[in-house]
Amino acid sequence: MNEVVADHPDGELHVVLDNLNTHKPKTDGWLRRHPRVHFHYTPTYASWLNQVECWFSILTRQALQVASLPRRGNCATRSTSS
């Protein structure tokens, strides 16, 4: 986080973290020293990763549906005679 703060000297930084205890600061000392950084936690038992996976699943499904539609005028005629 120190590198991120140094790389973005202007404005406020909002960081979204999952709700695991390992991500929550044990003390607020770091946040007090960096008043323009704000941590936001996902709700308990909610997973932002699951939401991202759902979003990519929807996009993939839509892309596959579009790709599988036959295009007009591009259908090749097959000859069954040998």
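This report walks through a predicted model of a protein chain, from its overall layout down to a few single residues.

## Overall layout

Let's start with the big picture. The chain carries three helices and two strands, and reading along the sequence gives the order α-β-α-β-α. Of its 82 residues, 12% are buried.

What about contacts across the sequence? Taking contacts between residues at least 6 apart in sequence, 57% link residues that are at least 24 apart. As for the surface, the protein chain exposes about 7,600 Å², and 57% of that comes from carbon and sulfur atoms.

## The two strands

Strand 1 covers residues 13-17, and its side chains alternate. Leu13, Val15 and Leu17 point to one face and are buried.

Strand 2 takes in residues 37-41 and runs parallel to strand 1, with five bridges joining the two. Which residue of strand 2 stands opposite valine 16? That would be histidine 40.

## An aromatic pair

Now for the rings. The model has one aromatic pair. Tryptophan 30 and phenylalanine 39 form this pair, with 6.0 Å from centre to centre and 10° between the planes. The pair counts as stacked because its planes are under 30 degrees apart.

Trp55, Phe56 and Leu59 together make a nonpolar surface patch of about 320 Å². Tryptophan 55 belongs to helix 3, which spans residues 48-68.

## Two loop residues

Glutamate 12 sits in the loop between helix 1 (2-7) and strand 1. Is glutamate 12 buried or exposed? Its relative accessible area is 53%, and the cut-off for exposed is over 50%, so glutamate 12 is exposed. Glutamate 12 also has partners from elsewhere in the sequence: setting aside neighbours within four places, it is in contact with Arg36 and His38. Between glutamate 12 and valine 37, the C-alpha to C-alpha distance is 5.9 Å, although 25 residues separate them in sequence.

Proline 43 is found in another loop, the one between strand 2 and helix 3. With a relative accessible area of 55%, proline 43 also clears the cut-off of over 50% and therefore counts as exposed. Where does leucine 17 lie relative to proline 43? The two are 26 residues apart in sequence, and their C-alpha atoms are 9.8 Å apart in space.

Note on methods: Residues are numbered from 1 along each chain as its sequence is written. This is a predicted model: local features need pLDDT of at least 70, side-chain atom pairs count only at pLDDT 80 or more; totals for chains, interfaces and linings use all residues. Side-chain values use heavy atoms; hydrogens and water are left out. Buried means under 20% relative accessible area, exposed over 50%, partly exposed in between (1.4 Å probe, protein chains only). Helices (H or I, at least four residues) and strands (E, at least two) are DSSP runs, numbered from the N terminus. Two strands pair if DSSP finds at least two bridges between them. Rings of Phe, Tyr and Trp (its six-membered ring) pair if their centres lie within 6.5 Å; planes under 30 degrees apart count as stacked, over 60 as edge-to-face and the rest as tilted. Patches are made of residues with over 30% relative accessible area and no salt bridge: like charges are joined within 9 Å, nonpolar side chains (Val, Leu, Ile, Met, Phe, Trp, Tyr) within 5 Å. Accessible areas come from the Shrake-Rupley method with a 1.4 Å probe; for residues, only the protein chains shown count as cover. A salt bridge is a side-chain nitrogen of Lys or Arg within 4 Å of a carboxyl oxygen of Asp or Glu. Contact means heavy atoms within 4.5 Å.
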